[in-house]
Amino acid sequence: LTLPTDTIIVVDSNIVLGRCFPPGVDQYADVAREVFAIIERHSAKPCILDTIDSEIESKIRRRFGSIAEACRALQHEVESGPPITGMDPREALDKLTTGIRSALPENGGAISVIERRVEERIRTNPTATVDWWAYVAYQILGEVQACVTEAQKQRELLSLERVDSQSYPKAVNLDKLGLKKDRAHIEGADAFARNRKKTIWFVTFDSPLLAKVERVAAICPAVVVMSPSSLRLRLEPPVSQQSS
Amino acid sequence: MSSVLALPPAVPPFGPEAAAEHSSASPLSLRTPTANELTDKKKRRPTFAAIQRQVLDAHYEHIIKNRLGKIGLTLPYPAKAITSHLREMDSRDEDVVAQRDRLMSLTARLAVRTAGIEVEEPGEGPRRRDRVTRLQELWEVLEIAATRFQETRKTRVSSWQGFLGLFFHSTLDSELVCDLGPSYDWELTANGLVNDAEGKTLVRQIAGVNQETATRDEFLSSELSLKEIETCFRRYLVHTQVVALAADEVLDWREAFLLYVDLWSAASLAEFRLRRTIDSNRLDPAVLAQLNEGLRSSVLRLRRLLASQYSGPLSTLRFSSLDSRLARDVLLEAWAAD
């Protein structure tokens, strides 16, 4: 089966982020890779809405900025207390990462990746310092930065086609559906689809949005919200279904 | 740690023991000045020293116009006083001065060789305008560009270390690490990638070989005419300057941000460029947001430019401490052999 010619596939920010981060950092990384592979197999070009593009940037910043913030807070705590002496690098790394994990329990994957890289650096680049705490804190900040740059690079290399949905007047109001940020995406996708006479397959992991697929379809018939599994079944149905 | 940047300092640069130290020198742009910018109409053959002075003067003028100018506020002190303070602070540390002089010298030499300007210098008689001389000049351009990039990288590392210290010793928004930090990576990566990719292309075209790059001898034995050589070189210049301009725009926005934070939070001009804890209350959140937005947009433009023009080499890079094969080594590796 091939994608209908009047249809474009828009991927949500959670799918793009899953593709930009390594599997350890993002729980959706593997499924996101599969989504892109399916799209590629059908010679289609994955698209993103302008509103999703901005969301991707701010989600990357938020995810790693929060780690930088937690690291700085721990550094401030230490600076306001008595000087730390006799701490070795392992102890400094343990205490800092434990502190960051306590502050950000939801960010465990990213913290583990950063911890592993700092540990590797300490092991392979021996250095002499009297202040291991500060040294490790600086290393963590450097790794936070590296993760952001790497995610930005991955996002650029995905060659996503950007759909300027905001340049079209909105025809529907999804206020009653309580979709939060997704509301702007769906309203924009609907405006684009109506004006350009296209159908949009909107692929997402977002549970609240997937829970309202039918209600969205009733208001925005040209926007088909679907999960990655649904995308696969549409484009690559089981053999028995194909023959029937 | 970003692979384009060196290890952070073992001792934090903003610790109490470093309170009296001044911050790193004002970073120089990477664009190569053109012949028009450097040629004194009255003097047909300038000296290298005169060109270096011109580059240095233009650098401080650029800071006032293009970096402080982006802030969009009336300067808190006269522009002349700021320039003179910056010059003084940039001259305090012998190592910093030596590094700056090396960069100025490389920039002047690069500009002279790129534009084919005649210079008045002992042992530097009038140059013959023939193929062999031009080929030697162009090989020298590639070598100087590689060395200059290495020197530039050192100044950015120093600036980056200062930025990390600034972040730790301020209450500035934590998402700044995700904007300012990667801007160093992208700026350096852009210059490293484009110099490497375009340099190799130029060498291949002029030497007429198919392999990834060629030796100096193969390059100098080119069978192309002088006109064909200049056509290849013009293409190299256009491509490298487009990326250098986009990368310099990132540098200017980042510097505008850092200059605003430093200069507008200083209690007096004397405090400007001294490492200290930043009092964020003196800063206007709206100005910080505007400068950060400018930086984000310039980084985005650079990212898109690299992804569209150099996706191959970009995809092989990994921004991580575990991989050191990035722009910092790649240029010297390419040109050092001869």
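Me: Hi! Before we start, what kind of model is this?
Reply: Hello! This is a predicted model.

Me: Good to know. How many residues of chain B and chain A are in contact?
Reply: On the chain B side there are 43, and they are in contact with 40 residues of chain A.

Me: And what area is buried between them?
Reply: About 3600 Å² is buried between chain B and chain A. Carbon and sulfur atoms give 59% of that area.

Me: How many salt bridges are there between chain B and chain A?
Reply: The count between the two chains is six. One of the pairs is B:Arg304 with A:Glu156, whose closest N and O atoms are 2.8 Å apart.

Me: Which elements of chain B give two or more residues to the side that touches chain A?
Reply: Those are four helices of chain B: H5 (131–168), H6 (180–207), H9 (285–309) and H10 (311–316). Sorted by class, that side of chain B has 24 nonpolar residues, 11 polar ones and eight charged ones.

Me: What about polar contacts across the interface, how many residue pairs are there?
Reply: The rule finds 15 residue pairs in polar contact there, counting pairs with both residues at pLDDT 80 or more.

Me: Back to salt bridges for a moment. What is the count over all chains?
Reply: Over all chains the count comes to 46.

Me: And which side chain does B:Asp179 meet in a salt bridge?
Reply: B:Asp179 meets A:Arg61, at 3.6 Å from N to O. B:Asp179 sits in the loop between H5 and H6 of chain B while A:Arg61 is in helix H3 of chain A, so this pair joins two chains.

Me: Changing topic: what volume does the largest pocket have?
Reply: Its volume is about 760 Å³. The pocket is lined by 28 residues, and the closest to its centre are A:Asn14, A:Leu17, A:Tyr28, A:Lys59 and A:Arg63.

Me: Which helix gives the largest share of that pocket's lining?
Reply: H3 of chain A does, with five residues. Helices of chain A that each supply at least two lining residues include H1 (13–20), H5 (108–124) and H7 (181–196).

Me: How does the lining of the largest pocket split by class?
Reply: There are 11 charged, 10 polar and seven nonpolar residues in that lining.

Me: Now cavities. How many of 30 Å³ or more does the search find?
Reply: It finds four in the whole structure. The second largest cavity holds about 170 Å³ of space.

Me: Which residues lie nearest the centre of that second largest cavity?
Reply: B:Thr32, B:Leu110, B:Ala145, B:Arg148 and B:Asn195 do, out of 16 lining residues. The largest share of the lining, five residues, comes from H8 of chain B.

Me: And its lining by class, how many nonpolar, polar and charged?
Reply: The lining of the second largest cavity divides into nine nonpolar, six polar and one charged.

Terms used. Residues numbered from 1 in each chain as written. Chains lettered and ligands numbered in written order. Predicted model: local features only at pLDDT ≥ 70, side-chain atom pairs only at ≥ 80, totals over all residues. Heavy atoms only, no water. Contact = heavy atoms within 4.5 Å. Buried area = accessible area lost by both parts, 1.4 Å probe. Salt bridge = Lys/Arg side-chain N within 4 Å of Asp/Glu carboxyl O. Polar contact = N/O pair within 3.5 Å; in protein donor to acceptor, adjacent residues only side chain to side chain. Nonpolar A, V, L, I, M, F, W, Y, C, P; charged D, E, K, R; others polar. 1 Å grid on protein atoms, 1.4 Å probe; cavity = no way out; pocket = protein on both sides within 12 Å on 5 of 7 lines; lining within 4 Å. Points joined across faces, edges and corners; volume = space filled by probe spheres on them.
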